[in-house]
Amino acid sequence: MDEKLRIESRLAQIGSQEDPATGAVNFPIYQSTAFRHPRLGQSTGFDYIRTKNPTRSVLETVAAELESGDAGFACSSGMAALQTVFALFGQGDHLVVSLDLYGGTYRLLERILSRFGISASYVDTNDLEALEAARTPGTKAVFVETPTNPLMMITDIRAVCSWAKEHNLLTIVDNTLLTPFFQRPLELGADIVVHSATKYLGGHNDVLAGLIMTKGSELSAEMAVLHNSIGAVLGPSDSYQLMRGMKTLALRMERHESNALALARFLQDHPAIAEVFHPGLPEHPGFEIQNSQSSGNTGIFSFKVKDAAYIEPVLRHIRLIAFAESLGGVESLMTYPAVQTHADIPVEIRDAVGVDDRLLRFSVGIEHAEDLINDLGNALEAARAELEK
Ligand SMILES: *Cc1c(COP(=O)(O)O)cnc(C)c1O
């Protein structure tokens, strides 16, 4: 397809010009595990589903294009994508990792990869001195989430990449929260981008998927071997479902962004709220870096209530907003990280970072902002009334 198309057009047209034989506007689901060979030594390009499937290939091609990568790999979940990427490393290798990290990634590193002799140090990846202090002779890569989940800390991707290049380390960025619509780390110098496509890319809380995008032919070839060998690949139906969701990514992200900013401003002025963590607010310490490397803000932010006693009644009284454990879908979800997504991170580490029992994470959906403000406002008011009794 025309390379000069803007991202909105590319997204809307995913798969729509890939089937010239029939002209199908939606690329079909090739529910086939095997592919006939015309004759000995010949292949249509497809042999066996784990290695390559036509539906998954359309997704992988567009995924690479969206992130300005050389190759894309669709996996059965975000965790499967992370496991596949971490399989680049082995006995004695060490990773420097963002301190405020997705809980599942921390668990994978500490419970599973540690068995294979891979270790990790957790640092504020926006602090170059901390990065340098954590580097050991075995360090092979730096792994960054920006913004972090749930505390929305921002890392300067360009600065980390240039530090990493100086020391011959790979830079891996989990870009789940911003998506390539708002931020493209490979353009800023990163080598690998990972996504939980279950979140914004799918966008409708109805498909589990992960993506890996790589830069460079050697790394892309190595990732293809890992992807096929580990086999945590995405099936054709889920590939279709993911592309279906991605077609509206641009529209959704714009609404997620404006809704989240409206809700963050509402909470900033609310008497029951102690602190709001949203990198789109000028008071946020990462505001300028965020603006310099991204074209917009995610729909996720977090906030602390003044008193932990508010948490239980607020979660009981929200009605439009669901108390549930995910993010990035069209429906608004509220999560309590200390007992849900981040429960596997030891309490000392969580407290040191600030993921404490007063923190709520809000994945703001695409409903009308006023309805969300009313719902949360009512829940806070009902909680206050109960606590004063
Ligand atoms: C959800 C999530 C993951 C894990 O992805 P799954 O699709 O749930 O396996 C990884 N990183 C981040 C930032 C996430 O939000």
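This is a predicted model: local features need pLDDT of at least 70, side-chain atom pairs count only at pLDDT 80 or more; totals for chains, interfaces and linings use all residues.

Reader: Which residues are linked with Arg316 in a network of salt bridges?

Author: Side chains of opposite charge can pair when their charged atoms come close. Arg316 has a relative accessible area of 44%, so arginine 316 is partly exposed. Glutamate 386, at 28%, also counts as partly exposed. The network links Arg316 with Glu312 and Glu386.

Reader: Where do lysine 140 and aspartate 93 lie, and how many residues apart in sequence are the parts they tie together?

Author: Lysine 140 forms a salt bridge with aspartate 93, and the closest N and O atoms are 2.7 Å apart. Lysine 140 belongs to strand β4, residues 139-145, while aspartate 93 is in the loop between α3 (78-86) and β2 (94-98). The parts tied together are therefore separated in sequence by 47 residues.

Reader: Is aspartate 93 buried or exposed?

Author: The cut-off for buried is under 20% relative accessible area. Aspartate 93 is at 10%, so aspartate 93 counts as buried.

Reader: What is the N to O distance in the salt bridge of arginine 184 and glutamate 187?

Author: Arginine 184 is partly exposed, with a relative accessible area of 26%. Glutamate 187 is partly exposed too, at 47%. Their side chains meet in a salt bridge, N to O, at 3.1 Å.

Reader: How many disulfides does the structure hold?

Author: A disulfide is a covalent bond between the sulfur atoms of two cysteines. Cysteine 75 is buried at a relative accessible area of 0%. Cysteine 161 counts as buried at 2%. The number of disulfides in the structure is zero.

Reader: Which residues does threonine 105 touch, not counting residues up to four places away in sequence?

Author: Threonine 105 is part of helix α4, residues 103-112. Its relative accessible area is 0%, so threonine 105 is buried. With residues up to four places away in sequence left out, threonine 105 touches Met79, Leu82, Phe86, Phe143 and Glu145.

Reader: What about threonine 214: which strand is its place?

Author: Threonine 214 counts as buried, because its relative accessibility is 0%. Not counting residues up to four places away in sequence, threonine 214 has contacts that include Gly69, Asp70, Leu186, Ile192 and Met223. Its place is in strand β7, residues 210-214.

Reader: How far apart are the end C-alpha atoms of α14?

Author: Helix α14 has 20 residues. At 1.5 Å a residue, they should span 28 Å. The model agrees: the end C-alpha atoms are apart by 28 Å.

Reader: What covers the buried residues of α14?

Author: An α-helix has 3.6 residues a turn, so residues three or four places apart point the same way. Among the buried residues of α14 are Ala369, Leu372, Ile373, Leu376, Ala379, Leu380 and Ala383. Their cover includes α10 (249-268), β8 (273-277), β9 (300-305), α12, β11 (333-335) and β12 (359-363).

Note on methods: Residues are numbered from 1 along each chain as its sequence is written. Side-chain values use heavy atoms; hydrogens and water are left out. Helices (H or I, at least four residues) and strands (E, at least two) are DSSP runs, numbered from the N terminus. Buried means under 20% relative accessible area, exposed over 50%, partly exposed in between (1.4 Å probe, protein chains only). Contact means heavy atoms within 4.5 Å. A salt bridge is a side-chain nitrogen of Lys or Arg within 4 Å of a carboxyl oxygen of Asp or Glu. A disulfide is a pair of cysteine sulfur atoms within 2.5 Å. The expected span of a helix is 1.5 Å times one less than its number of residues.
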